[in-house]
Amino acid sequence: METIDISWGNLFLGYLLLGIPLWAFWYYHTGLVRETIVAAARMTVQLFLMGLYLTVLFDLNNAWINLLWLIIMIGVGTGTTLRRSELHWRKFIIPVTVGSLISILIVDAFFLGIVLRLDNVFDARYFITISGMIMGNSMKHNIIALNVFYKTLSRNKQDYKYCIANGATRREALQPFMRQALKLAFNPQIATMAVMGLIALPGTLTGQIIGGSSPDTAIKYQILLMLAIFVACMITILITINMANRTLFDEWDDFEKF
Amino acid sequence: MLISFENISIGYNGKPLLEGLSFDIAAGDKLALKGESGSGKTSLLNVVTGFVRPTSGRMLLHNEESNQDNIRALRRQIAYLPQQINFSDYDVKGFLELPFTFSANKSIRPDREKIMELFAFLGLKPGLIDNTMQDVSGGEKQRIALVSCLLLERQILLLDEPVSALDDASKKLVMDYLFSQKELTIISASHDADWVTRCNKVINLHQPSSWKQ
């Protein structure tokens, strides 16, 4: 089954639909018109560039180049995570990078090596697409978790001090903050999983079906990807926060601004 | 002496806040640290908790100088009530149980009867235990936090503005209960004149003559 290509003219028709939200933003004086146009333009340029480099990467299909791509993506992801969570670069750059790298390596090894049993786990078609999807999603949830954990901890330092001064170890005193960070980072993902297939058709499944896969195969990929993303998010968050906390607290269990 | 402050100086960002403060606290003492906001009352309490390190001098608890190696053991001898706590995602019962989930306190987990007894002494309604911490008033929250400190049955209680959110009737109940506990050592930071009057030792941070008692 062939996928129907979209002509340039028809692609332009798609942009015309954007007129509806733009009109609403303008009408209600939201100040989001310019931002939306810039975002749509950026998306277009970035996706076309991505199309170009994916074509090159798929043609080359070289494990070292694919690994280099992964490292660059982790670097970009780390930068975005630190910028969006407004945390101190020097204190968090290593934990965020290591957290992302380890989670992607564990989940990729499991997903590509054990589940899909690929002869070459660095095969660009699988390694790059699946790593990219896992990384993008885990970055999103890592930003939420880091934001919630460190901002709540700074805002409620009295609660932390109450726990420490009343006998808690540092790990015990941080547990309420960790619980809140995990809840807020994972609640949307759990809700999405719970309604998947009922009120939302997920992207991978839709893409694979349009691309010609059978619904059976598409569903299996979708399930495993959801699980891989979920696990990768958890590994990233746990490693990042636990590794960062080793250097953020002094011997008296006190901490400075994050 | 139970606690000794020896020539303690405290400062932040190179600026001195308190200099050369010395005083002793005996078991059973009820001490009030008095002074305007920003005079260093909370900082002095936090010298005991280990969250503030003096720029010079030392604090001794049972003749042992606090340092980074023994601070966790020293903390197990105190209960600390900060000026404000939040714990907004806890219910009262969960909040009261929280300190007993810490490995250091697991063996002294109190029963409901003990909790209710303290609730009665401090004028808290038994039904409050099922509320969330967000739903209780400031005065109730302050007394609930005090209950949690008392449940720890430590010899030393560090109280930061312990009656600041209480009305006169609740304040009297709290003071009557705490000052009747002869064996309990209280180190408090307070603006409240009634509270300060009931303490047997008062350190006025603006009056160095009151430091050596």
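## Two helices in chain A

A crossing of two helices is left-handed if the near helix is turned anticlockwise from the far one by less than a right angle, and right-handed if clockwise. In chain A, helix H8 passes helix H10 in a right-handed crossing. This is a predicted model, in which local features need pLDDT of at least 70 and side-chain atom pairs count only at pLDDT 80 or more, while totals for chains, interfaces and linings use all residues. Residues are numbered from 1 along each chain as its sequence is written, and chains are lettered from A and ligands numbered from 1 in the order in which they are written.

H8(A) covers residues 170–195 and H10(A) covers residues 215–248. Their axes lie 12 Å apart, at an angle of about 165 degrees. Axes are lines fitted to C-alpha atoms, for helices over the stretch in contact, and angles run from 0 to 180 degrees between N-to-C directions. H8(A) and H10(A) are therefore roughly antiparallel (angles over 145 degrees). Residues of the contact include A:Leu174 and A:Met178 of H8(A), and A:Phe230 and A:Ile237 of H10(A). Two residues touch in this sense if their C-beta atoms, placed from the backbone, lie within 7 Å. The contact has 9 nonpolar, 2 polar and no charged residues. Ala, Val, Leu, Ile, Met, Phe, Trp, Tyr, Cys and Pro count as nonpolar, Asp, Glu, Lys and Arg as charged, and the others, Gly among them, as polar.

## The sheet of chain B

Chain B holds 7 helices and 9 strands. These are DSSP runs, numbered from the N terminus: helices are H or I with at least four residues, strands E with at least two. An open sheet takes 5 strands of chain B, in the order S6-S7-S8-S3-S9, with parallel pairing. Two strands pair if DSSP finds at least two bridges between them.

Which strands are at the edges? They are S6 and S9 (201–204) of chain B, and each pairs on one side only. S7(B) (156–160) and S8(B) (185–189) are joined by 5 bridges. There, B:Leu159 stands opposite B:Ser188.

## Where the chains meet

The contact between the chains takes 23 residues from chain B and 16 residues from chain A. Helix H2 (71–75) and strand S6 (78–81) of chain B each supply at least two residues of chain B's side. S6(B) gives the most, with 3 residues. By class, the side of chain B that touches chain A has 12 nonpolar, 7 polar and 4 charged residues.

Notes: Parallel < 35°, antiparallel > 145°, perpendicular 65-115°, else oblique.
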